[in-house]
Amino acid sequence: ESAQKKVEAMNFGIRKHVVEYDDVLNKQRQIIYAERDKVLDGVDIHPQILEMMKEYIYEQCAIYLDETKPSYEWDLEPLNNALESKLLDKGANLVTKEFVEDKTMETVCQEIYEYCLNNYEAKIAEVKKLGFDFSIAERGTLLRVVDKFWTDHIDAMNILRNEISILAYGQKDPIVAYKNEGFDMFDKMIGEIREYTASTLFKMKIKINVMPQQPKGPVAM
């Protein structure tokens, strides 16, 4: 009877841990699916795409520009490489010594954003003339990216859960460790979704095939 009670108590503890593990992932799932539902409901996500672009630009400026130094001492090549890898054409070399001269990092970030924004809006206007609604590309791209990264995230969370359960994470509460690690992984995934979505849309080339019009009426041979 004593052994039975211990087994039941242990099983209850296991079930409790399983529920708490699942609760972490379910909360993350609610956040992701709320965003997916907006896209599927046809909500205009264009402002969201622009915000993704802006966040990427500001993050790269923070990484590669040292605001404690004057602008003429900045190494601009790594920043240009980062911008060209995601938003601009290869060899654009937007950020030059002249571009940053006597400017603060905030001003440089804003002017890069405005340049990229103008390029993006010009592309949208160009394909609109051809009869294509670019918002379709924005929604489709975001959905595909979210689904890809969310699927990978679920797999990674399952691996983390197994590792923490096996190792018991030292003296730490495994649920607390799982929540903390899971939050960091989720936060990283959101950043990757933003970056990959913005990059895909900015690098996207739209080609529209126009079918030749058939001649009307009989054709003289």
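Trainee: Is Tyr196 buried, partly exposed or exposed?

Mentor: Partly exposed, because its relative accessibility is 42%. Buried means under 20% relative accessible area, exposed over 50%, and partly exposed in between, with a 1.4 Å probe and protein chains only. This is a predicted model: local features need pLDDT of at least 70, side-chain atom pairs count only at pLDDT 80 or more, and totals for chains, interfaces and linings use all residues. Residues are numbered from 1 along each chain as its sequence is written, and side-chain values use heavy atoms, with hydrogens and water left out.

Trainee: How many aromatic pairs are there?

Mentor: Three. Rings of Phe, Tyr and Trp (its six-membered ring) pair if their centres lie within 6.5 Å; planes under 30 degrees apart are stacked, over 60 edge-to-face, the rest tilted. Tyr120 and Phe202 are stacked, at 4.3 Å centre to centre and 15 degrees between the planes.

Trainee: Where do those two lie?

Mentor: Tyr120 is in helix 5 (residues 105-129) and Phe202 in helix 7 (residues 174-203), so the pair ties together parts 82 residues apart in sequence. Helices here are DSSP runs (H or I, at least four residues), numbered from the N terminus. Both Tyr120 and Phe202 are buried.

Trainee: And what about Phe149 and Tyr196?

Mentor: Their ring centres are 5.7 Å apart and the planes at 65 degrees, so that pair is edge-to-face. Phe149 counts as buried, because its relative accessibility is 12%.

Trainee: Different topic. Which charged end sits over the ring of Phe99?

Mentor: That of Lys103, 4.7 Å from the ring centre. The rule is NZ of Lys or CZ of Arg within 6 Å of the ring centre and within 35 degrees of the ring normal. Arg36 lies over the face of Tyr33, at 5.6 Å from the ring centre.
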